[in-house]
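Please keep the sequence and the model open while you go through the points.

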Amino acid sequence: MTTATYWQAIDRFRAVVAADPDREAVIYPQGQTASGLPDYRHLTYRELDEWSDTIGLHLAAEGVGRGTRTIVLVLPSPDLYAIMLGLLKIGAVPVVIDPGMGLRKMLNCLRAANAEAFIGIPQAHAARVLFRKYFRDVRVALTVGPRWFWGGPTLRSWGVPAGSGVPGTRTDAGFETRNAKVKARFTELMTALSDSRRDSDHRAPFDSFTLRDRVPAPADELLLIAYTTGSTGPAKAVEMTHGNLSAMVEQVHAARGRVEPGTSLITLPLVGILDMLLGSRCVLPPLVPSKVGSTEPAHVVDAINRFGVKTMFASPAVLIPLLRHLRTHRTTVPTLHSIYSGGAPVPDWCIAGLREVLPADAEVHAGYGSTEALPMSTIESRELLGGLVERAHHGDGTCIGRPAENVQARLVAITDDPLPTWAQAEAREADLVGTRGIGELVVSGPNVSTRYYWPEQANVAGKIHDGETVWHRTGDLAWIDGEGRIWFCGRKSQRVHAAGGPMFTVQVEQVFNTVPGVTRTALVGVGAPGAQLPVLCVEAEPGANTTALSAQLRERAAEFEVTARVSEILFHPKFPVDIRHNAKIGREQLAVWAGERLGKDDRR
């Protein structure tokens with residue numbers, strides 16, 4: 001009989017519940033105030049614990065348990081956190097994906113997950129029903145919101161704690177009565193079904209009906225499947241183990257100097273889960289996950305000051321408008337002590353600007369990570385602005401700091417070939433000389449995923465085995481200085497294969513981004529690999545004189561060896577960016593556009 005398990009880090013959450021049950025866990029927008037600003041409600045740690053227990057019990061009654069892959073398509077909300085905690089309490093495996101990648105792409109990804117349970121908003125279930133062939137293994141469906149034309153329970157039909165204020169809920173306090181009925185159903189089913197049948201479809205045994213009598217799952221057992229967005233390559237299903245996620249909690253805590261987070265502003269759900277385990281009051285500002293860049297900065301400032309936010313994680317798409325708002329309105333955020341950026345490189349001018357508008361003792365950390373490993377490295381603004389930015393402007397790349405706690409970083413020679421073993425990687429070490437020491441960054445550590453669930457080929461291309469250690473190939477190009485700091489030079493897949501040798505995007509772009517009138521630049525290659533023409537695409541500031549700007553950029557190119565080969569400059573009205581963070585430049589699309597432009601001009 002399958003042993004009933006849970007994620008051991010849940011013990012941290014339960015410790016907060018025991019110590020301070022009435023502390024706000026999730027503070028979320030609901031409606032508006034008379035002044036037009038968002039109004040907020042909250043769930044306490046006790047309410048969230050009870051609600052997630054109820055969800056876990058009901059899901060277990062449906063046969064969801066240890067190892068059950070469960071698609072979760074729910075917007076950031078109290079519902080999402082209660083569902084995720086409920087799944088983690090019963091050892092199920094949430095499958096999370098960004099629907100903004102596009103319907104067809106998302107359907108193909110989700111079909112590969114072979115999920116047995118599906119929890120989603122009505123629109124997600126409509127896709128599940130209309131495209132049934134992609135979800136043939138789904139046997140449990142839970143609707144978050146109104147049920148349209150399909151069966152199965154709704155989240156609201158299971159109830160929530162009395163007085164929680166979650167919209168549309170039944171606010172009855174009969175949790176014990178309801179859960180007693182669920183347990184009774186367990187007993188009936190145990191009588192009707194044999195243990196062998198239970199084990200054959202991997203459902204949790206029905207005699208394991210409490211959530212407190214479970215044992216922690218092994219550290220190497222699968223806990224979460226998270227899909228990459230595919231913004232810089234094919235989307236992949238990343239396996240995260242119980243140990244990986246537990247290590248993330250420790251690393252987030254270490255990054256803050258092991259100081260309690262207090263109140264956090266949450267723009268990424270996973271960060272919210274990690275912060276709850278550290279006892280944070282998690283504030284969810286109004287935002288659309290697929291359009292983070294459209295978040296209203298006035299609402300962010302209001303949330304920070306209303307709730308005394310001490311720390312926040314955000315992408316440049318949120319931080320840049322926030323900085324502009326603080327400058328324009330001369331607003332202060334006196335409680336904000338630390339900002340952690342991620343999702344894409346944050347411009348150095350934004351970091352410098354935030355230092356100017358934040359309290360003198362505040363910290364701004366530029367983070368580097370990926371779905372496979374979060375975080376990989378960080379650097380605080382004081383070190384970055386202490387001479388490292390100037391080096392970036394002269395062609396050294398972007399300094400992304402030292403590896404995170406317990407993370408190891410190395411370089412391998414640039415190649416698109418698989419490197420199954422570390423011995424094969426070492427055999428190519430001499431090739432690093434030809435790229436001036438710039439290679440592909442590989443990392444290992446307790447928070448680093450060691451395999452992909454799908455596609456299998458990604459494991460061949462993306463992992464290097466070194467005895468018991470598995471190195472993750474990041475696909476990013478970098479070099480490491482004598483002080484152990486990593487300098488990011490660009491994506492491997494986006495390098496330009498020019499006649500005189502490879503050119504690296506970020507390393508080149510940072511030189512040009514300093515020119516007045518430039519919003520941002522992107523280096524792309526046009527033509528056949530090995531003879532590609534290096535083309536600089538430029539997004540100019542509104543009203544800029546592009547003729548004069550082009551001359552300035554050519555002068556700048558001649559100043560540095562890394563930019564000397566750039567001869568073509570094209571102005572683009574607005575760069576394509578990634579879905580999740582609205583910040584990563586779509587250089588592949590720009591390369592196609594540049595090729596079309598140059599082809600029309602009969603230039604190759």
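Predicted model: local features only at pLDDT ≥ 70, side-chain atom pairs only at ≥ 80, totals over all residues.

1. Residues are numbered from 1 along each chain as its sequence is written, and side-chain values use heavy atoms, with hydrogens and water left out.

2. A search of the whole structure finds 31 salt bridges, a salt bridge being a side-chain nitrogen of Lys or Arg within 4 Å of a carboxyl oxygen of Asp or Glu.

3. One of them joins Arg-139 to Glu-116, with the closest N and O atoms 3.4 Å apart. Arg-139 lies in the loop between H5 and S7 and Glu-116 in the loop between helix H4 (103-113) and strand S6 (117-120), so the pair ties together parts that are 23 residues apart in sequence; helices (H or I, at least four residues) and strands (E, at least two) are DSSP runs, numbered from the N terminus. Glu-116 counts as buried at 15% relative accessibility, whereas Arg-139 is partly exposed at 28% (buried means under 20% relative accessible area, exposed over 50%, partly exposed in between, with a 1.4 Å probe and protein chains only).

4. Asp-416 pairs with Arg-495 in a salt bridge whose closest N and O atoms are 3.1 Å apart. Asp-416 counts as exposed, at 54% relative accessibility, but Arg-495 counts as buried, at 12%.
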